[in-house]
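This briefing concerns the fold and the disulfides of the structure shown below.

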Amino acid sequence: MSASVPLTSLTLLLATAALVPPAAPGAPLAQRADSTLLVRSVSAGQSHTCAVSTQGAALCWGGNHGRQSGAAASDAEVLPRLITGAKLVTVAAGGHHTCGLDEAGAAWCWGANGFGQLGNGSQQTSVRPVRVSGAQRFTSLSVGNDHSCGLTKDGKAYCWGDQWDGATGSFPSGDNVSEPIRVQGNLLFAKLDAGQRHTCALSADRAYCWGENKAGRVTTGSWQSYPTPLPVPSPNAFVGVSAGGVLSCALTREGRIYCWGTGAGREADASERRPPAAVDTLRKYSQISAGGRHACGLTAAGELYCWGANDKGQLGTGDIAAHASPVRVKASEPFTAVSAGGEHTCAVTRSQRLLCWGANDVGQLGDGTRSSRLSPVPSRARSAG
């Protein structure tokens, strides 16, 4: 649900992409027919997926009810579709909308816009990217179900969209925000991630969250929503954070993952709210990603482990049994990145192949089918023509 590119990398990405001949509007990705999709980055949303290919093309597929996958007529795209209308170097998939950054750090969004989540001052759905209002330039973007957030170079967080439960971090709670507005509290953040109906960020090694708190995904001790950042009760110094559906997770300097919310990422009773607790004391992790009701962690060696709900095969274990503790996702080569979606997961291998697994009812795995997968399968490039 997040996408970030350091400013120092934006020029490099643009220069590489410039070597690829530009595609005509609406043209498919120019790779070998039925070849495995090669990507630089991936973002798994609630029911769709987006990526930036090794050729520098922004692509989306899967659910398209809100036109979040960039198709004008279809409600489901089973193969990656080229996003036209803006030259994007990074993309972030949410609920029924998607956002991305261009080489200058300007934000663009498309898809459903009933809550103002496209950030252009309107509530009109758009199949093509529209420029987010304002002069802000962002270094990273993250997209939730119906809200979007961006982080500037100087650490200021801005959000827009659905504010009913405080996910945009602004007052008054309950009003939609159709243009970027700075998150209340005057905190400066190093990282930010938008969950389904809440948001989390890091400031001075501390985790802060705001928004809907029904599952304890923001903090423990109350069911009420919080429209301003609230510090997560933990003595740990964090270097990474990920906001999911019913849970949130953070990564410590020592490589430990702590999660909080319903079952802390485990398959548990919906009324159970757990404070931040270590998920795994055996391994050290370098990346985390929280999905709808599951989460995944990646080690420095490229080993991927997932835990939580597994009714759609989102853990990639070959079965549908839930796992309270991390279980390894088997693959023929190490992974370099992971993104957990609503009920599916995608990860990038060392050779830049994109593998996905879990729910596939609207083609969110990008393998050309609508059959769910219990183990990783390669996403396919759309053939030319």
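Cysteine 200 has a relative accessibility of 0% and therefore counts as buried, where buried means under 20% relative accessible area, exposed over 50% and partly exposed in between, with a 1.4 Å probe and protein chains only. The model is a predicted one, in which local features need pLDDT of at least 70 and side-chain atom pairs count only at pLDDT 80 or more, while totals for chains, interfaces and linings use all residues. Residues are numbered from 1 along each chain as its sequence is written, and side-chain values use heavy atoms, with hydrogens and water left out.

**Overall fold**

- The protein contains 1 helix and 29 strands, these being DSSP runs numbered from the N terminus, with helices (H or I) of at least four residues and strands (E) of at least two.
- Of its 385 residues, 58% count as buried.
- Among the contacts in the protein with a separation of 6 or more, 50% are made by residues 24 or more positions apart, a contact being heavy atoms within 4.5 Å.
- The accessible surface of the protein is about 14000 Å², and carbon and sulfur atoms account for 52% of that surface, as computed by the Shrake-Rupley method with a 1.4 Å probe, where for residues only the protein chains shown count as cover.

- Cysteine 249 and cysteine 259 are joined with an S to S distance of 2.0 Å, and their link is right-handed, with 100° about the S-S bond.
- This pair links distant parts of the chain, with cysteine 249 in strand β19 (residues 247-252) and cysteine 259 in strand β20 (residues 257-262), 10 residues apart; both cysteines are buried.
- Cysteine 346 and cysteine 356 form a further disulfide, S to S 2.1 Å, which is right-handed with 110° about the S-S bond.
- Here too the pair links distant parts of the chain, since cysteine 346 lies in strand β27 (residues 344-349) and cysteine 356 in strand β28 (residues 354-358), 10 residues apart.
- Cysteine 346 is buried at a relative accessible area of 0%, and cysteine 356 counts as buried at 0% relative accessibility.

How values were computed: Disulfide = S-S within 2.5 Å.
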